[in-house]
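Trainee: I would like to go through the labels used for this chain and check each against its cut-off.

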Amino acid sequence: MGSYTVVRKFNWYYSDCHSGVALLIDNGDIISGRYAENVAFNPGMTAVEAALVNLRLSSLGKAPGKIIDAVMVEKQASISHKGMTASIISHTGAELRYFVV
């Protein structure tokens, strides 16, 4: 439910690209990220990029945990970050679970 909560929490005024990612780490932590857009600077930061930044920030001073599960939730729209997110997650050894709401 972490990524669904992230998607519902924020607004994307220009692209209508609602997306969130939740990463389950081997120590039990759940790290989330959401798509962030900036009309003055395109493209924005994808949800998976935000989640990976949050993972790195959560592990400062210690070894980062291993991603064991990844979930992405997107609103049905003409824009999707599914392909890019699945590609990035595949490099971690996890498989992306994807849901459209």
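Trainee: What share of the 101 residues in the protein chain is made up of buried residues?

Mentor: Buried residues make up 35% of them. Buried means under 20% relative accessible area, exposed means over 50%, and partly exposed lies in between, with a 1.4 Å probe and protein chains only. This is a predicted model: local features need pLDDT of at least 70, side-chain atom pairs count only at pLDDT 80 or more, and totals for chains, interfaces and linings use all residues. Residues are numbered from 1 along each chain as its sequence is written, and side-chain values use heavy atoms, with hydrogens and water left out.

Trainee: Why is S59 called buried?

Mentor: S59 has a relative accessible area of 2%, and the limit for buried is under 20%, so the label applies. S59 sits in the loop between α2 and β5. Helices (H or I, at least four residues) and strands (E, at least two) are DSSP runs numbered from the N terminus.

Trainee: Why does L60 count as exposed?

Mentor: L60 has 54% relative accessibility, and exposed means over 50%, so the label holds. L60 is also in the loop between α2 (47-58) and β5 (67-74).

Trainee: And why is F99 only partly exposed?

Mentor: The value for F99 is 43%, which falls in between the limits for buried and exposed. F99 lies in strand β6 (residues 96-100).

Trainee: How do you know which residues F99 touches?

Mentor: Contact means heavy atoms within 4.5 Å. Not counting residues up to four places away in sequence, F99 touches V71, M72, V73 and E74. F99 and E74 are 25 residues apart in sequence, yet 6.5 Å apart in space, C-alpha to C-alpha.

Trainee: What makes a set of residues a nonpolar core?

Mentor: Its members are buried Ala, Val, Leu, Ile, Met, Phe, Trp, Tyr and Cys residues joined through side-chain atoms within 4.5 Å. The largest here has 14 residues, and V21, L23, I25, I67 and I89 have the most contacts inside it. α2 gives the most to this core, with four residues.
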